Amino acid sequence: MRSLRDALVTFRRAPLLSALSVTTIAFSLFAFGLFGLVALNIREALDRLEDRVEVRAFVAEGTPIETIAVATADIATFPEVLSARTVTQGEALARARRELGEFRDVFEGAVLPASIDVRLKPGFRSPATVRSVAARVNTYAFVDDIRYGEEWIQKLYRLRNIAGIAGLVLGLAFASVSMIIIGATIRMAVLARAREISIMRLVGATDSYIRRPFLLEGFAKGVMGGLLALLLTWLARLLIDRYIIETVFFDQRLAALGLLFGAMIGLVGSAVSVGRHLRSV
Amino acid sequence: MIRFFNVTKSYARTGTAVQDITLHVGKGEFVFLTGASGAGKTTLLRMVYLEERPTAGEVRVSGTSSLDATPGDVARLRRKLGIVFQDFRLLENRTAEQNVAFALEVTGAAKATIGPKVARVLTQVGLASKGTAYPRELSGGEQQRVAIARALVNDPFVLIADEPTGNLDDRATRGIFQLLREINAAGTAVMMATHNLELIRRQEFRTIEMNRGAIVFDSANQPRMAREP
């Protein structure tokens, strides 16, 4: 209770320094938030692309439709398979015409083979898994040809890996910079109260007693900075949506994680700054 | 109560500050610590409240040893000591009452006991009517009285005063010294570092003189007259 009161008193006694700390935390997290927004949207775009990964097994002409249906049901039970669907010759023609738009007449009277279209579950769309599923589907005697855009999948997968690693490295870099800046602002707050701390120690306050209000203060500043950063990121996203490209925003879980991250940075920054100060005096 | 066993304190950059000191200060004693600037008085006092640890030897204060005291032990020891400095070390944004109460708050004293204790010590130091004044509204002597009240509020067994009159005029010095005598008469030991030889000469208290980190005279071991030609 005393720690909470002391933490609040700091905001009242040094409003400018407190506002500076919160703003610095907010802008550090805002930079991190913008990066997060870009990373999230790249991931969304890759997810949408990955969703289109499909194995298409073309069926030999004359294969009874019942045989194809039984095979389709069998393929649907593969653990990697999300769905398997039979596409008859008529459906294949209709789809080709739909996809080709103004060139639809090219297929006038043409006959396209029936196929089994297999979609894979998320997490089973790596080139190796796709190749393995394709090989198993190809073991059916009536399968004439099998296509799954191997090269395209490999490129997509590589892109995803690069995006993941770049995201991790840049994310860590942004987080580290944020922590350093936040640690420095909290150190300023600690130094501003150095005299008070030295007197507290002289009259017998324990280190944990001295530390507590600073930790609460750091936590509160982290949460406030996080909220402000979230608001700024949301405003930035509104502008991007209006003038550049439609984007997705953090869901509630990610927003809460962002706030928690801000709070943790405030807490850890405070702990490190106060700890260092207490060791040095 | 306070014991130094062959204590030496050295610093990497400035060399030896205190050299091979063995000393005992008993219950209720009044001890003057004197010597030129840099003689080691402040370092010796800082070792009493374990702000500094000896490089060699041991300091033992009320059962707490410099050899194995944890930060928690040091905090608990300081609650039993009162410490006063030349520069008062008051918090400028707190009133006299709040400065004194601060020493109780940080030790987790019950809220109901703080007010009466603060009033008692402010009366004891003669500042009953100035409790709501901020340090900038008080004279140097009054500020030092607030610092002494803060040092007394936890009922210490010893009051450590490092040049408490160094910033004060003669009248205020006499007032502060009289206050320290009264505190000592009530049973609290006092260890006071001072340059004020005039003050020392007028008293019959134990006097320890330091020079270059060593004790060169201790009236407890040697009658005062024996030192003078």
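**Exercise 1.** Find how many salt bridges the rule gives across the interface of chain B and chain A, and name the side chains that meet.

*Solution.* Start with the rule: a salt bridge is a side-chain nitrogen of Lys or Arg within 4 Å of a carboxyl oxygen of Asp or Glu. Across this interface the rule finds one. Its partners are Arg94(B) and Glu196(A), at 3.2 Å from N to O.

A word on the model: it is predicted, with local features needing pLDDT of at least 70 and side-chain atom pairs pLDDT 80 or more, while totals for chains, interfaces and linings use all residues. Residues are numbered from 1 along each chain, chains are lettered from A in the order written, and side-chain values use heavy atoms, without hydrogens and water.

**Exercise 2.** Work out where the buried residues of helix α5 (127-137) of chain A lie around its axis.

*Solution.* Buried means under 20% relative accessible area (1.4 Å probe, protein chains only); helices are DSSP runs (H or I, at least four residues). The buried residues include Pro127(A), Val130(A) and Val137(A). Seen down the axis, the buried residues of α5(A) fall within an arc of 165° (directions from the axis to the C-beta atoms), so they line one face of the helix.

Conventions
Buried < 20%, exposed > 50% of the residue type's maximum accessible area, 1.4 Å probe, protein only. Helix = DSSP H or I, 4+ residues; strand = E, 2+ residues; numbered from the N terminus.
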